[in-house]
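Trainee: I have not looked at this one before. Can you walk me through it?
Mentor: Go ahead and ask.

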Amino acid sequence: MDKMPGWADAVLVPLFSLFLAALLSALVIIGIGEDPIAAFKLMVDGALMRSAGWGYTLYYATNFMFTGLAVAVAFHARLFNIGGEGQAMIGGLGVALACLYIPWPNWYVALVGATVSAAIFGALWALIPAYLQAKRGSHIVITTIMFNFIAAAVLNYILVNQLRPQGAMDPSSAKFPEPTHLPTFQDMFSTSSDQLFRGAPANVTFFVALLACLLVWMLIWRTRLGYEIRAFGHSPSAAQYAGISPIKITVVTMLISGGLAGMMGLNTTMGEAERLVMNATEGAGFIGIAVALMGRSHPLGVLLAALLFGFLYQGGAELALWTDIPRELIVVIQALVILFTGALDNMVRMPLERMFAALRKSERPGDRSARSGPAE
Amino acid sequence: MDFLTTLQVLDSAIRLATPLLLACLAGLFSERAGILDIGLEGKMLAAAFFSAATASITGDVWLGLGAGIVASMALSLVHGLASITFRGNQLISGVAINFLAAGLTVLIAQAWFSQGGRTPSLIGTGRFEPLTLPGAEMLTGIPLVGPIYSELISGHSILVYVAFLMVPLTWWLLFRTRFGLRLRAVGEAPEAVDTAGVSVVGVRYVAVCICGILCGLAGAYLATALQAGFVKDMTAGRGFIALAALIFAKWRPWHALYACLLFGLLQAVALRYQNIDLGAFVVPVQFMDALPYILTVVILAGFVGKAIPPRAGGQPYVKES
């Protein structure tokens, strides 16, 4: 018997979690002697009230859409891909190699080529953990964590010893050639009389991310492979009886997940920096976890959660600029969202379930009340 | 490489292995009881900050140690609440705790000290000073044994000796006491423990609390003994190396010691020699940095003996009704 209507589970639980996270964050802000309402106003002003603010918000949201989708796809097969950070780093390497060593005629051909390269590099970085999970039963969470650290070391080595131009001090690659530069929102939407998105890093990759949301939705709910992924996630043994190979699903799902995380490199490396730098990912791989949990692993939810985190990121930068609240406030909010939507899910769910059970009882007296118990 | 240099590298290996060892044993208690913990990093970080902050304000390193343990325990209880009481996902809870610590430490450090997310440098009684073991100076003159005793074994802070003593203590507690039997049983077959009339929830909470204490020691050691004060993200992945060491040791206390010494040695070598020239080719420093993680993946892959975790790890216990 359903304890809660589907819409309540999809909408109310994340919103209630968000409310709790916001409440605790406000307490933290009060605790460090600042005014939470003024802080929130400042965040809204900086992130949403000017087109340049939107340009940053959407830029960050693009990153989080890719990493959020990556985690979400893996969640559908009940795999926890915590390695989005490493996959995104290596994806960025794929973008850089494609941009530096292939003479592209113009930006849109380059974008297609770099997308393919980013996805392949990201997917390959997820392949070994996937294979080890599928074939040898090594826990994918631990292996993907280890691969994050290995990715950082690999990238460091390649940047310092291979891609760094002669005589340059900081570990980063040469600037990408002109034809690979992607149009920013400023280039696309400004008119001669009206400058929009001035100086903001949001670029055409945002639309690639939207397309990725759509494609993931089609994959998960409109294809045979998506059905197999979901079936495997619900019950690996039942899926196996139905003739679905657990090895194939684990590996393929992780390849898709890694590919999506890798595509984040398009936005940071090709769209913004136009060269490969150390730490281009800035933890976005981990924010993908919060985004996927908050968005209930649905592409539309991921899109909305990514926009929310984009707003938080840009708003947090504004706070750090104008007040004494450091950017790490966003890390706290992110942690609280992960805690409430992921780990304390049952705590959030139980009172809501009780409320709906009480509602149902009063509507239909005499009906057997919903059995209480943990979800799943 | 001459004798003295070798000694110095080994000495630094011991220093660097200490926080790994404490965190690794912390994880051992938790995971043996069936509670996966990828939040070791966060707990160490929280302990590092609160111990350094308290030591810096009060000037008393012991109060700092206490504050570090309390902070780490608080996060442990959050983890317990999520994974034992509310039967949530233990991995996700661990991730959340890592971020919570990473964010809160900088936020509070900025609010309290306004030094860009760090504490003031600790001086005098605000730090754990190296202890000189009895006879260290007397024995220095004796070849071989003297330098080994006075350089390598003597001259560490008290937490180093505590960490090494924790190894036999952990072994004894887990394998020679009734409590240890129950703790291991809760991680392998909780239903059996429940049938025997012992509270699964209770044993798991105790395990999680021990984990908190040990992570607190690890973090306090980092900020008040190894270094003099807290800096942002100062754990630098040590919690994950400890996790790697735990798998490497296959969840056994003595092997945890060996694994942590090995990983400590790798860190010490990477710290001292950037790129290692082996004549035929050069081992880059990044390879040394990544080696603990690579070794763990190899172990996990089961190519060098299979690492089998406690059977009930990660699964919330639901009482049959």
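Trainee: How do helix 1 and helix 12 of chain B cross?
Mentor: In this predicted model, the axes of helix 1 (residues 3-32) and helix 12 (residues 253-272) of chain B come within 7 Å and cross at roughly 135 degrees. Axes are lines fitted to C-alpha atoms, for helices over the stretch in contact, and angles run from 0 to 180 degrees between N-to-C directions. Helices here are DSSP runs (H or I, at least four residues), numbered from the N terminus.

Trainee: What do you call that orientation of helix 1 and helix 12 of chain B?
Mentor: Helix 1 of chain B and helix 12 of chain B are oblique to each other. Angles under 35 degrees count as roughly parallel, over 145 as roughly antiparallel, 65 to 115 as roughly perpendicular and the rest as oblique. Helix 1 of chain B passes helix 12 of chain B in a right-handed crossing. A crossing is right-handed if the near helix is turned clockwise from the far one by less than a right angle, and left-handed if anticlockwise.

Trainee: Before I go on, how are residues and chains labelled, and what is counted?
Mentor: Residues are numbered from 1 along each chain as its sequence is written, while chains are lettered from A and ligands numbered from 1 in the order in which they are written. As this is a predicted model, local features need pLDDT of at least 70 and side-chain atom pairs count only at pLDDT 80 or more, but totals for chains, interfaces and linings use all residues.

Trainee: Which residues of helix 12 of chain B are buried?
Mentor: Among them are B:Pro253, B:Leu257, B:Cys260, B:Phe263 and B:Gln267. Buried means 20 or more other C-beta atoms within 10 Å of the residue's own, exposed means 12 or fewer, and partly exposed is in between, with C-beta atoms placed from the backbone. The cover over the buried residues of helix 12 of chain B includes helix 1, helix 7 (158-176), helix 11 and helix 13 of chain B.

Trainee: And how does helix 12 of chain B pack on helix 13 of chain B?
Mentor: The two pack at an angle of about 165 degrees, with their axes 9 Å apart. That makes helix 12 of chain B roughly antiparallel to helix 13 of chain B. The crossing of these two helices is left-handed.

Trainee: What about helix 11 and helix 13 of chain B?
Mentor: Their axes come within 9 Å and cross at roughly 35 degrees. Helix 11 of chain B passes helix 13 of chain B in a left-handed crossing.

Trainee: Other topic: how many residues of chain B touch chain A?
Mentor: 37 residues of chain B are in contact with 37 residues of chain A; contact means C-beta atoms, placed from the backbone, within 7 Å. Helix 4 of chain B gives the most to the chain B side, with 15 residues.

Trainee: Is helix 3 of chain A mostly covered or uncovered?
Mentor: Mostly covered, with 25 of its 26 residues buried. Just after helix 3 of chain A, A:Arg78 takes a positive phi of about 55 degrees.

Trainee: Last one: where is B:Gly202?
Mentor: B:Gly202 is in helix 10 (residues 200-226) of chain B. B:Gly202 is partly exposed, with 13 other C-beta atoms within 10 Å. The C-alpha atoms of B:Gly202 and B:Ala53 are separated by 32 Å.

How values were computed. Two residues are in contact if their C-beta atoms, placed from the backbone, lie within 7 Å.
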